[in-house]
Structures are given as C-alpha cells and as structure tokens.
Amino acid sequence: MRKMQAKKRYVLVIICCAFLAYCYLGGYRLKWLQTVFRMRVPKNPDILPCYHQLHYQYAGSDSSASGEDSLIPDDDLHAAPAHELRYRDNGALSSIGGGSRAGVTEDRATAAKTCRMETCFDFSKCDNKNFLVYVYPPEPLNSLGAPPPISQNYQKIISAIQESRYHTTDPELACLFVLGIDTLDRDSLSEDFVRNVPSRLQRLPHWNHGRNHIIFNLYSGTWPDYNENGLGFDTGQAILAKASMSVQSVRPDFDVSIPLFHKQFPLRGGNTGFVVSNNFPANKKYLLAFKGKRYVHGIGSETRNSLFHLHNARDLVLVTTCKHGKSWRDMQDARCDEDNREYDRYDYETLLQNSTFCLVPRGRRLGSFRFLEALQAGCIPVLLSNSWVLPFQSKIDWKQAAIWADERLLLQVPDIVRSISASRILSLRQQTQVLWERYFSSIEKIVFTTFEIIRERLPDYPHRNGLTWNSSPGALLTIPTFSDTPRRFPFQLDTLGITPGLNYTAVIFVQIGTQLTPNTALYKLVKSISKSQFVDKILILWASDRVVPSKKRWPSIGHIPLQIISGSTSEDRPSISQRFYPHEHIETDAVLSLDEDAILNTDELDFAYQVWRDFPDRIVGYPARAHFWDDSKNAWGYTSKWTNYYSIVLTGAAFYHRYYNYLYTNWLSYLLLKTVQQSSNCEDILMNLLVSHVTRKPPVKVTQRKGYKDRESGRSPWNDPDHFIQRQSCLNTFAAVFGYMPLLRTNLRLDPVLYRDSVSNLRKKYRQIELVGS
C-alpha cells in the first residue's frame, strides 16, 4: 500500500514539473513570437480601440514615439501583404549595382521612405504670398517624329495647372514642380503605361532626386499582385499624390491621398450633386446597394466574393458578376451563372439614385470609382477597404460623410447601417454633397485641393481649421491671408451665430466723369449717401480721363470722410475691375457699390443695407437681370426684360461683403479678368457669378424699381446698341471658364413693410422710397 502511495506521489511530482516546464518554455516562445511579429498585447483588453479609431490614425503618428516600433501598426488590419513586404525590403534596390554607389543609393532610398516636409522639402523656394508651380515642358519628338505619350487625364491635370494662378513659367520662382511625364497609370499592361521613366527623370534639369516635386498617380502595380509601390521608378524625395494609398505606404504629412477618377472625368466645373431636396426622413427604396464586378481569384477577391451572403433582393441589393475579361469562362466558379442572372436584373444608376447607403468594397486596389459616384449621388458610402487612406484624409473629416466597416466582419454590415438614425442619415447625405461639390467634382478641384494641403504645410502660411475644410464653401474659397478670424468671412457668420460689422463703405465708380454741379446725378448721389445713418466712408474711384473736381465742388457731407482714388490702367489691374479692388480704405464688412449715374435716395440705401445684414453672404441691390438658355443658339442668353425671375443683381447699386473684393482680385482666373479688361464691360456679371459660385445661392433684389440710372447722360455705355451682345458673349465665356453656370434663378423680392399699401405715408418707416418714380 505504501509503495502504491509513493508511486502516486512520484507521478504527481513528475506531472507538476512537466507542467511548470511547459509554462516556462511556452511563455518564452510566446514572448519570442511577439518580438518577431511586433505584436502588442494590451494589459487591459477592455480598452482596445475599435477599427474605426485605428483607421483614422496613421501608424506611428504619436509624436512621442521613437524607434522602429513607432512605425508598426497595432492591428493586423494594417498588415501589409507578403509581396509588398518583399518589395520594401528588396524591390526598391533591385536595379541598383554594387559598390559604394549602391550604398549611397540605399541610404537615399531609406531616407526617402521616411520623408517629411522638414527633411525632404526645401521651404526656401516657397513664398507665402504666391505658391507657384512649374510644369516641365513636353519632351521633344522622338526619332520617328512622334510626341511623347500622355493620357487624357494627365493632360487635364497639366491644363488645370497652366490655366491657374498657381502656374509659373520660371522654374526659379517655383515652389513645386510637376512632371511633364505621364505617371498616372503605372500598370505595365495598360495602353497608357509610359516606358523608360527612370532615364527620363534623370534628364530633368531640376529633378534633384525629387525634392520639391509632386508625382500624380492613379494606378500602380500590375497582375497578379497589383503592388501598391510598384511604380517602376524611384520617386526619391518627391511628394506622391496617389490614389489607393494604404496606411503602410503613406508618408504622414508628406504624401497626399487622392481619389480614383475615370477617363471621362471633367476638367473643371463638373456636375452638381444629385440630391435636390432635404427630405426627412431620408430613407429610400433600398437600404444598401452594390453592383459591380467580382474577382474569382487573386487579390481583392475575398470581399466581393462574399457579398451574395448579404443580398436579399428587398432592401439589401448586392449583386456581382464574374463576366468580365477575355477568359472569364475558363476562370468561372459555381456561382457565376446565378450571379450573372441576378446582376442583370438591376440598373446601376437606378440603384445609386434609390439607395440610402452604397457599399464601396475594395477591388484589385484599395480605391474604387464607386467612391466618387456614391458621393455625387448622395448615397452614403459604406467602406469595405481596410487600411485605405481616404482622399485628403488629413483635412477632411470623413466620419461626417461615410461609414467604415471591417472586411473581416462582413456579416455585420446590415446591422451597422440599420442602427444609424434618420437624423444622422440626413446629416451624412448633406455632407456628401458639400464634399463632392467643393473638392471632388472636377480634376481642377482635386489638383487645387492637393496644392492647398501642401501649401498649408509651409511654416509661415496660416492654416484653415476643420470647420472651414468640412463646411461650405470649403477651403478652396476661403483664403486665410484675408483674415485670421472666421468672423470676417461672410459665409461663416450664420454658422458662428454672429452678425456682420456695423455701417458700410460707399464706393462710387466714376467712368464718364461729367461736370460736377448740384444738378448732376453724382452730386445728388453723394448728398444722399451722406445723410444715411449707416455710412462710414465714401470712396470715389475716379477712372475717367477728365480731371478730378476740386474739393470745393463736392457737396458738403459733414463728418463723413470722402476719399478720392484716381485709377490707372494696367495689365495687372484692369481699369474696369478697379471698382472691386480690395482697397485698404474699405474697413467695413459691407460695401455699397454704385455707378456715378445711380439715382437712389437715403431711404433706399438704408433699407437695402438693413436687408443685406440679414443676407451678408449675398449681393443685395436694386437693378436685376436674368440669364437663360437659348436652344436656337445653343448658348446662354442675357436679358434685361421684366420677367417673374432674376439671377443677377447689378453692382451699379448693390451691397456685398468686402471679402468678395479680395476673391475677385486674388482668386479669379486671369482668363476671366482678361475678358473683362478686353471688353471694358461685364465686371458686374463676373462678380455675380463669383458670389453665386461661392454661396450656391441667388442674389436678393429689393423693391420694384424700373429705372435706377440717370438717362440724361448721352455718353453712357448703356446707350450702346452692342452692349447686350457683348454682355451675352461675356456670360458664355465666364461659364466656359468656370466649367458650369453658377448663376441661380429666384423669384424673391423684399419690400419695406406697408410698401405700396393704401395707408398714410406717415405710417411707413421708409417714406421716400415710394416718392421716387418707378
């Protein structure tokens, strides 16, 4: 019995020792595995961040982190495919020879991978006032006399830059350099693939290993791996403006992620968003929809091949087809025929227009055309593309316009979209339209947004806050050099809940310059303005060839300052556009723009000013005009006839915010200003297009006035029979440069209380308005 008990004790001791040995060796191995795979096991699993939080932070973005570990993601959602890891280790140096040269090049390549603006960008080339971009000229014809290959989209990018204020023809003045070599499509199987790029780069006179250069790219890599870094050349220290970027490859605060767009994408303007009303609740026929290709095998196939699990043909419509490519029959699987039949039942455009959410799964690459298509349609994107850096993510808060899902948790997507409240759906949909119209509707906007993101990285250039970037009219139309406070921008006042500054500056543009007597329109106009209780200053812009009248000839205006500026014609500032120059004498938010022959009394001025205070982001005034589409001429028409609508309020008698003077002078394309200069006309139409482009709102007309001009002046350009023909030509030129027609029609007219009512005039606040003949 004792022997049996002793054996049991020995067996128990052996088992305990084996268990302790297993725990010790197993724990050591676990620690070793953590070291190899850089795994981080949190002490408290309850505080694990969700995927949504992880995605919106770059790997290694913590400034306090140091060493190699700071660049390793915390989640295997960010783990790079094996072929990309091999490329990072060997691919970038595969074409480099041995010896000391290889060592130098290896150091350069390593430095380029960790580029930041402080290490790979020369700030001394940049001027805070003018952010200039140089585009390399086209390469000379080859031996066969053929021009260098360039795709349609890359030509649009170059055209957008060359026709903008960013462009300079002097490389010594440039802050940024754009290649004349087409780098958009680096898929070696594509017809747009440009060969021998490395040798071409070395021939560029200012290449300098890519410093201060920007490279645009939409497609990288090719079958079967579609390597994200497979551009086929060393980008060096150049900034990448690239589609389908991942958090593993992007260099934070250096590279810029751009959207993927198709070959028919417009150069400028672009179509507006499809959401025409803000109906509530915002639910549509389908809750979630997707229609597109699926890949039977290869990279990007897993997600799309599983979508049939979610399709119920009722509120969830997710249909795919494997019927694409030349050899799809040879590669098809058991589901292909059934999927193809279901796929043909639905129209893609109909799904876009009638779905609340649109699924945007990754394809062969992380990005997809459907992302921009969903934004335009107001169909809230549901993203299934782990580790994708969304376009302009450093500035745009995509949580306000899109929903993130996890590729590994595909079956949870229906529950996610069903859990979103109706109010948030409406908010998300509205934000898709803001982002589409302000940043993504044209190649021009995508390129300019890229430049502005880089520009804000300059040390001394003022930054626009998140509210500016993520609300209308967006960062492209908010110039931070105008003011360092949002309360100075007219479109921010309503959001901030504040009113514009008190009083206004009257700016009278004198082009004819008739003799100044108490009976002339100009004399009477100055007298009327001086009696206004809201006027701060009167500014006379004298653009006439006649001599400026002496001070004693002007009416007595009491304490109101009268400043006379004698204009001069120059190429930089066309004379007719001087009326919209941001003169330093204009210190009030409100500007009253007047022609010298305007006939307005004090009550009319005060009433229009009070109306403008309620609409500080619009033009508010008296004379109205309209535009229309003329089918017979296939062009825009301009009319002064009385209709039941209008779209233009002439600046010969109108209030507007002084910020629009700054935009007119410093933002508008030189092509637009040159049109005004050559015609000596149409500056008021151009100002209306500018304000409507910024606000996407029509102007506001006050009271019913048939005539606001002094008709006694025979030299008035209004009497020219070619006047309307010229203005109609201007209107079409402006619309072509904008890329669309910004003007909007309206039927609104605001009158004083009791206006035209059959009551005693003593009961009316603005008594003089009805005394003027109309």
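Start your tour at serine 244, which sits in the loop between strand S7 (239-242) and strand S8 (256-257). Helices (H or I, at least four residues) and strands (E, at least two) are DSSP runs, numbered from the N terminus. Serine 244 is not a glycine, yet its phi is positive, about 60 degrees. Is serine 244 buried or exposed? Its relative accessible area is 6%, so serine 244 is buried (buried means under 20% relative accessible area, exposed over 50%, partly exposed in between, with a 1.4 Å probe and protein chains only).

A word on what is on your screen: this is a predicted model, where local features need pLDDT of at least 70, side-chain atom pairs count only at pLDDT 80 or more, and totals for chains, interfaces and linings use all residues. Residues are numbered from 1 along each chain as its sequence is written, and side-chain values use heavy atoms, with hydrogens and water left out.

Next, select proline 224, in the loop between strand S6 (219-220) and strand S7 (239-242). The peptide bond that joins tryptophan 223 to proline 224 is cis, with omega near 5 degrees. Then jump to proline 473, in the loop between helix H16 (466-469) and helix H17 (493-496). Here the bond from serine 472 is cis, with omega near 10 degrees.

Now show helix H12 (residues 369-377) together with helix H14 (residues 422-440): their axes come within 7 Å and cross at roughly 120 degrees. Axes are lines fitted to C-alpha atoms, for helices over the stretch in contact, and angles run from 0 to 180 degrees between N-to-C directions. On H12, pick out Leu372, Leu375, Gln376 and Ala377; they make the contact with Thr432, Gln433, Trp436 and Phe440 of H14 (contact means heavy atoms within 4.5 Å).

Move on to cysteine 682, in the loop between H21 and H22. Cysteine 682 is not a glycine, but has a positive phi of about 75 degrees. With 0% relative accessibility, cysteine 682 counts as buried.

Last stop: helix H23 (residues 723-738), with 16 residues. Colour His723, Arg727, Cys730, Leu731, Phe734, Ala735, Val737 and Phe738, which are buried. They cover an arc of only 160 degrees around the axis, which puts them on the same side of H23 (the arc is that of the directions from the helix axis to the C-beta atoms). What covers these buried residues? Among the elements covering them are strand S19 (624-630) and helix H21 (670-679). Turn to the face away from the buried side to find the exposed residues Ile725 and Ala736. After H23 comes glycine 739, whose phi is positive, near 90 degrees.

How values were computed
The expected span of a helix is 1.5 Å times one less than its number of residues.
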